[in-house]
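Hi,

Here is the structure I promised to pass along. Please have a look at it first, and my notes follow below.

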Amino acid sequence: MDHLPHLHRETRAFEAAARRAATAGGAPLVPGCPGWSVTDLVAHLGAVQRLVTHIVRERLTEPPDTLANLINRTPSPGLDLSFLHLPADRTGWPDPPEDTPHLGPLPPSLVDWYAEGAAALEDALRTDPDVHVWTWGQEQTVGFWRRVQTVEAALHRWDAEGATGTPAPFDPALAADGVAHHLDVMVPARRAWREAPPGSGESYRFRRTDGDGDWTVRFDGADVVRDVPAADCAVELAGTASDLLLFLWNRLPADRAGTARGETALLARYPVLVPPV
């Protein structure tokens with residue numbers, strides 16, 4: 001899949017949702033990101049995108065010192081944050097050490113800064129996807145960042161739209177790719193990051209109803225086993241690719257994401273086995 005057109009569309013849609021929030025006054029809370037306002041969400045995504053731009057443009061092959069600080073929005077004193085290109089006047093911007101949510105009005109200048117950074121990310125990711133750079137996954141390429149940042153932009157676009165109205169579903173092809181990415185890449189990572197409990201053989205089938213797509217996974221101790229025979233799965237959740245992706249990312253409960261069959265109680269255990277980040 002060519003992720004760049006999807007990245008372009010999703011980052012622009014996120015910007016549009018943020019500008020709607022800015023003109024509405026205040027800082028609406030984000031249902032998909034408990035404890036965050038739209039202001040917090042804009043600051044978070046803008047910082048992450050500029051960090052990835054820095055990694056790709058500088059061809060970094062080791063994790064930058066700023067990584068954990070920016071993701072957690074708690075920068076340590078003395079860190080070089082020049083790659084964020086922060087404006088001198090940041091009146092009304094959230095102060096990362098403060099507790100979220102930041103309920104002050106969303107400053108238009110913060111959205112402008114986000115938009116500039118999103119365009120820079122798109123430009124940086126146009127380079128050869130096989131170029132070697134550091135990533136947090138096993139695949140150490142620019143192509144990894146293309147896929148990850150497209151999915152992240154789409155999810156947070158959905159979050160931002162949900163703060164002020166009804167969010168639009170994901171593009172079906174992108175959503176299907178996102179489901180595969182989640183199971184192949186995000187599940188092992190999230191289990192490692194959050195020290196998830198060992199699996200006890202819980203097995204899941206996620207079946208797409210708006211096209212071809214069937215994904216299975218089983219949790220055995222510390223192992224994540226993919227491509228389990230569908231007949232061996234204890235529970236099936238059938239829904240659109242978009243709704244399945246939203247369930248996997250803890251945005252929709254199972255009863256809103258699709259139709260469940262089998263040992264449906266296992267669906268409530270999924271966020272325990274794959275903790276949110």
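This is a predicted model: local features need pLDDT of at least 70, side-chain atom pairs count only at pLDDT 80 or more; totals for chains, interfaces and linings use all residues.

**Salt bridges, a helix and cysteines**

D210 is partly exposed, at a relative accessible area of 34%, where partly exposed covers the range between buried (under 20% relative accessible area) and exposed (over 50%), computed with a 1.4 Å probe on protein chains only.

Residues are numbered from 1 along each chain as its sequence is written, and side-chain values use heavy atoms, with hydrogens and water left out.

How many salt bridges does the structure hold? There are 20. One of them joins R261 and E236, with the closest N and O atoms 3.3 Å apart. This pair links distant parts of the chain, 25 residues apart: R261 sits in strand β5 (residues 259-262) and E236 in strand β4 (residues 235-239). Helices (H or I, at least four residues) and strands (E, at least two) are DSSP runs, numbered from the N terminus. R261 is exposed at 52% relative accessible area, whereas E236 is buried at 6%.

R157 and E161 both belong to α5 (residues 142-164), 4 residues apart, or about one turn. Their closest N and O atoms are 2.9 Å apart, and both residues are buried.

Next, helix α7 (residues 241-248). Because 7 of its 8 residues are buried, α7 is largely enclosed by the rest of the structure. The buried ones are A241, S242, L244, L245, L246, F247 and L248. Just after α7, N250 takes a positive phi of about 65°.

Last, the cysteines. Counting a disulfide as a pair of cysteine sulfur atoms within 2.5 Å, the total is 0. C33 counts as buried at 10% relative accessibility, and C233 is buried too, with a relative accessible area of 14%.

Happy to hear your thoughts.

Best wishes

Note on methods. A salt bridge is a side-chain nitrogen of Lys or Arg within 4 Å of a carboxyl oxygen of Asp or Glu.
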